Number of protein chains: 2
Amino acid sequence: VAPAGRRPGGHDTRADILAAAGQVFTELGYERASIRGIARRAGVDPALVHHYFGDKAQLFVELVHLPRDLAGEFQPPDPGRSRGNAIVRRFLSAWEGPGGHGDPGAKAQFTTLVEAVAASPQTADALREFLLDRVWLRVRESPRQRAQIASLLWGMAWVRYVLVLEPVASADAAQLAAWFGPSIDHIIEAGAAERGPVDTES
Amino acid sequence: VAPAGRRPGGHDTRADILAAAGQVFTELGYERASIRGIARRAGVDPALVHHYFGDKAQLFVELVHLPRDLAGEFQPPDPGRSRGNAIVRRFLSAWEGPGGHGDPGAKAQFTTLVEAVAASPQTADALREFLLDRVWLRVRESPRQRAQIASLLWGMAWVRYVLVLEPVASADAAQLAAWFGPSIDHIIEAGAAERGPVDTES
């Protein structure tokens, strides 16, 4: 979990608060975590947490380092790999790091995010705004394609980390990219075909 | 929310408990709901709830009427529609009824399920066992394809009901079937191609 570094000054305190927030959210889950408890863990005044991050939902969305890496997903892929393959690899690496073996930290972080978003419409709003404002402005696919790609990636993570369903739960990043990448390529190609003269949709 | 009707006898009491459980889970969310509170709402002794349903996680999984309808998804499609199209329609109709316009009841039910499964590994275990034992035995696709189809459907529901991301949030069932059905057909076809002499996977 890394700070997004958007606000100037107070860098170390900000990083301390984020580290404390990561621990508290993981230990208690979203609902039971509080700004007060996070401030106590970081050894700062709660007002300072509000100053840097706003409310609990904003702090939480800032904490999950998903969005910054998500933008990277939509850059051109490495040579020899399809765009879908690259998107799956980068999505997984945002959660699990370059290794990509479904480590317990990624599982706890994703599960806490899912719980937080389900428990609070405000958190769902914050996550949606975050995706729309900071990630998807850079994506050239249509809103419908972006929503379909988001569905597939989110569902994959849910099956891997929360439902723990095999073979997706234990596969490594390369396997998952080989399995789910073609579906994303298919979504992208279908959208391209719609805009062109050929209709491939049944 | 309908009773699954697996146990003989006591039909009305069982239905009353399920109706009460549906209200309590929707009002309080999974974590705060209790067997005691559900029994009070139904006007029965808590021991009777345990007798019919076991513990809270088992009651919850019984309550979400997803699984019974999910099995129907994998039956042969209506004439003129692809298998993927039919699977998406039946999945949505399990949550929203035949109309399929993302009604508030479906949203509340799915969101409560997501929160319950994220908050409790026991509930995740119960849901996984339920899917494996009662739904997927009847599905002819491989475990990997089933996991991929589950990812896509679950992600679609998450984007529609929880993240509330357009255009998926407001689309009707026919539109969603036209958008997501081809992805499922693609997963099924890729699996069939792997088992045959031709390799279509990149």
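Predicted model: local features only at pLDDT ≥ 70, side-chain atom pairs only at ≥ 80, totals over all residues.

So, chain A has 10 helices and zero strands, where helices (H or I, at least four residues) and strands (E, at least two) are DSSP runs, numbered from the N terminus. Residues are numbered from 1 along each chain as its sequence is written, chains are lettered from A and ligands numbered from 1 in the order in which they are written, and side-chain values use heavy atoms, with hydrogens and water left out.

Back to chain A. Of its 202 residues, 53% are buried; buried here means under 20% relative accessible area, with exposed over 50% and partly exposed in between, using a 1.4 Å probe on protein chains only. Take contacts, meaning heavy atoms within 4.5 Å: among those in chain A with a separation of 6 or more, 65% come from residues 24 or more positions apart.

One helix to look at is α4, residues 56-63 of chain A, which is mostly covered, with seven of its eight residues buried. The buried set includes A:L59, A:F60 and A:V61, but also A:K56 and A:E62.

Now, salt bridges. The rule is a side-chain nitrogen of Lys or Arg within 4 Å of a carboxyl oxygen of Asp or Glu, and over all chains it gives two. In chain A, A:E96 pairs with A:R160, with the closest N and O atoms 2.8 Å apart. That pair ties together distant parts of the chain: A:E96 sits in α6 (residues 83-96) and A:R160 in α9 (residues 143-162), 64 residues apart. Are those two buried or exposed? Both A:E96 and A:R160 are buried. Over in chain B, B:E96 and B:R160 form a salt bridge, also with 2.8 Å between the closest N and O atoms, and both of those residues are buried.

Next, the interface. 39 residues of chain A touch 39 residues of chain B. About 3,500 Å² is buried between the two chains, 73% of it from carbon and sulfur atoms; that area is the accessible area (1.4 Å probe) that two parts lose on being put together, summed over both. On the chain A side, A:W158, A:L163 and A:L165 lose the most area to chain B, together 15% of what that side buries.

The elements of chain A giving two or more residues to the side that touches chain B are α7 (104-119), α8 (121-135), α9 and α10 (173-195). α9(A) gives the most, with 13 residues.

Chain A can be laid on chain B with an RMSD of 0.1 Å by a turn of 180° and a shift of 0.0 Å along the axis, superposing by least squares on the C-alpha atoms of residues with pLDDT of at least 70 in both. That's the relation of a two-fold axis. In chain A, the C-alpha nearest that axis belongs to A:G155, 1.9 Å away. And the same surface serves both copies, as 100% of the contact residues of chain A recur in chain B.
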